[in-house]
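Morning, everyone. Let me put the chain on the screen and walk you through its contacts.

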Amino acid sequence: MLDVAVLHELPWPQGEWDDLAARAAQAAIGETPYAEWGAMPATIEIAVRLTSDFEVHTLNRQYRDKDKPTNVLSFPMIQPDLLESVTANSDDGEVLLGDIVLAHGVCETEAIEREVSLADHATHLIVHGVLHLLGYDHMGDAEAEAMEAMEQAAMVRLGLHDPYPVRED
C-alpha cells in the first residue's frame, strides 16, 4: 500500500494536493519494477512538502551546496540497492521511502513558461521526485532518457501533458 502525506504551506494555493500527490506517486511507481508495491501489505510512505522558494533554497544550499532555489528536491531514505528487499524486511510493515520538497515560486514560473497549470506541473515534479526516491537519476544521457521516458509514461497514465515535448526552434 502506498501512503503519501502532503504538508501544504503558503504561498501554495488551496487545492486537492493530497489526491494529486498520491496519484502522481502511484503513476511514477507504476512505471518501475516496483509497481507491485501498491498491492503489498507493507505501507510505503512518501512525504511531500509544498513550500516556499526560500525554504527550498536553504535546503538546496545545505544538502547540495547549490546556493539557489530549485523546483524539486528529493531525499531518499533507502539506498537504491536495498529497494528490492525493502518491503520484505520491514519490521513494522512500514517503509519510509523518502521526502519530496517543491518550491512554489520556481514551480509557478516554470508552469507559466510551459503553459500548463501549477497543479499539472507539480504533478510532473512529484513523479520526477518519486523516481529519484527509487534511485533513478539523469546524470548521464542514457539515464536521463530512461527517466524521462518513465516520466512521460506516468503523465500519460494520468492523462496529462508531455513534460518533455519535442520543440522545434
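Start with Tyr63, which is exposed at a relative accessible area of 52%. The cut-offs: buried is under 20% relative accessible area, exposed is over 50%, and partly exposed lies in between, with a 1.4 Å probe and protein chains only.

Some housekeeping. This is a predicted model, where local features need pLDDT of at least 70, side-chain atom pairs count only at pLDDT 80 or more, and totals for chains, interfaces and linings use all residues. Residues are numbered from 1 along each chain as its sequence is written, and side-chain values use heavy atoms, with hydrogens and water left out.

Now the aromatics. Rings of Phe, Tyr and Trp (its six-membered ring) pair if their centres lie within 6.5 Å; planes under 30 degrees apart are stacked, over 60 edge-to-face, the rest tilted. By this rule there are three aromatic pairs. One of them joins Trp12 and Trp17, edge-to-face, at 5.2 Å centre to centre and 85° between the planes. Both Trp12 and Trp17 are buried. Tyr63 pairs with Phe75: the ring centres are 5.3 Å apart and the planes sit at 70°, so this pair is edge-to-face. That pair links distant parts of the chain, with Tyr63 in helix H2 (residues 53–64) and Phe75 in strand E3 (residues 72–76), 12 residues apart.

Next, the overall layout. We have five helices and four strands. Helices (H or I, at least four residues) and strands (E, at least two) are DSSP runs, numbered from the N terminus. Along the sequence the pattern reads β-α-β-α-β-β-α-α-α. The radius of gyration is 16 Å, close to the 15 Å from the globule rule for 169 residues, so the chain is as compact as a globular protein of that length. That radius is taken over C-alpha atoms, and the rule is 2.2 Å times the number of residues to the power 0.38. Along the principal axes, the C-alpha atoms fill a box of roughly 45 × 35 × 30 Å. Of the 169 residues, 43% count as buried. Take contacts (heavy atoms within 4.5 Å). Among those between residues at least 6 apart in sequence, 69% join residues at least 24 apart.

On to the strands. E1 (residues 2–8) and E2 (residues 43–51) pair in the parallel sense over seven bridges. Pairing here requires at least two DSSP bridges between the strands. Which residue in E2 is the bridge partner of His8? It is Leu50. Between these strands the chain passes through helix H1 (residues 17–30), and this β-α-β crossover is left-handed. For reference, with the strands pointing away from the viewer, a right-handed crossover runs clockwise from the first strand over the helix to the second.

Last topic, charges. A salt bridge is a side-chain nitrogen of Lys or Arg within 4 Å of a carboxyl oxygen of Asp or Glu. The structure holds five. Glu9 bridges to Arg49, with the closest N and O atoms 3.0 Å apart. Glu9 is in the loop between E1 and H1 and Arg49 in strand E2, so the pair ties together parts 40 residues apart in sequence. Arg49 is partly exposed at 27%. Glu9, Arg49 and Glu55 are linked in a salt-bridge network.

Arg157 pairs with Glu31 at 2.7 Å between the closest N and O atoms. Arg157 lies in helix H5 (residues 141–157) and Glu31 in the loop between H1 and E2, so this pair ties together parts 126 residues apart in sequence.

Thanks. Over to you.
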